[in-house]
Amino acid sequence: MTAAFPKALPHHGRVRLTPIADLDTSAWRRVAAHFRDPEIAFLNGTPPNRMPLWLLRRVLRADARRRDRATFGILDERSDYIGTVELYDIRPHEATLGIIIGERSHWNHGYGPEAIACILTIAFDELDLERVKLHTYADNPRAQAAFRKIGFRELRRVPAPGGRVDVQMDLSRAVWTDRAWLGAVPLPPLAGPPPAEARAAESLTREEVGDGGT
Ligand SMILES: CC(C)(COP(=O)(O)OP(=O)(O)OC[C@H]1O[C@@H](n2cnc3c(N)ncnc32)[C@H](O)[C@@H]1OP(=O)(O)O)[C@@H](O)C(=O)NCCC(=O)NCCS
């Protein structure tokens, strides 16, 4: 399998995705600022990035060419770069989602779920995956709320380095397909997983779900 580029770059609501390779210089300055930002680094569980811009650009562009990754810049309704969304560790049936809306002005305004909707279209319609999973931290309630809105369910919480708690979530093709109408309209505030999904999540064991993400 390959993380080939989508046939048409998806858009949802105010957001559209663009290949990392197509970002302009001002966008790359924002990428560097986002990766250097200590709060964003903490939320993402990585150290602040200290690479010079030219090196960061080279590394991220090389990463984006990997066959097990699909990485995109997120553009808002003004075509301004606001962050990055990606699928990584792409396997035959599943992949892991990562997202950073780096522009604080765009937090809590629904841009995250719109960008996630875009990349889920690639995951399920083009890569034909059965499941997308993710990791976030218990001390990042905004991220958990955003992921739940788009249909992710919590699987489990496990201790993480630094005394933090890793919250593992996933979204199945079936749940996404049920919400395929999301592609046509702005995202409404979804109320979390339906009861059947929630019961299924409670009964899942670690072995049944697997744990290949980071
Ligand atoms: C996490 C992220 C993708 C979410 O996207 P977003 O567009 O900001 O999210 P939304 O606006 O759709 O939803 C956020 C929800 O969290 C809620 N929220 C915000 N802060 C909260 C808090 N401290 N406690 C509880 N809920 C909170 C908001 O009210 C909103 O819910 P609502 O729409 O029902 O009012 C984005 O904020 C981001 O990238 N942040 C920085 C990096 C990061 O945390 N990445 C994720 C790493 S796993």
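Guide: Strand 3 and strand 4 make a hairpin with five residues between them, and serine 79 in its turn has a positive phi of about 65 degrees. This is a predicted model, in which local features need pLDDT of at least 70 and side-chain atom pairs count only at pLDDT 80 or more, while totals for chains, interfaces and linings use all residues. Residues are numbered from 1 along each chain as its sequence is written. Strands (E, at least two residues) and helices (H or I, at least four) are DSSP runs, numbered from the N terminus.

Visitor: Which residue in strand 4 does isoleucine 74 stand opposite?

Guide: Strand 3 (residues 70-75) and strand 4 run antiparallel, joined by six bridges; strands pair if DSSP finds at least two bridges between them. The residue opposite isoleucine 74 is glycine 83.

Visitor: Which residue in strand 5 stands opposite glycine 83?

Guide: Strand 4 also runs antiparallel to strand 5, again with six bridges. In the hairpin of these two strands, with five residues between them, aspartate 89 takes a positive phi near 55 degrees. Opposite glycine 83 stands isoleucine 101.

Visitor: How many residues of strand 4 are buried?

Guide: A residue is buried if 20 or more other C-beta atoms, placed from the backbone, lie within 10 Å of its own, exposed if 12 or fewer do, and partly exposed in between. Strand 4 covers residues 81-88 and is mostly covered. Of its eight residues, the number buried is seven.

Visitor: Why does valine 15 count as buried?

Guide: Valine 15 lies in strand 2 (residues 15-19). Valine 15 counts as buried because its C-beta neighbours inside 10 Å number 25.

Visitor: Which element gives the most to the shell around the ligand?

Guide: Of the 23 residues around the ligand, Ile101 and Gly112 are among those that come nearest; a residue is near a molecule if its C-beta atom, placed from the backbone, lies within 6 Å of it. Elements that give two or more residues include strand 5 (94-101) and helix 4 (111-126). The most, six residues, comes from helix 5.
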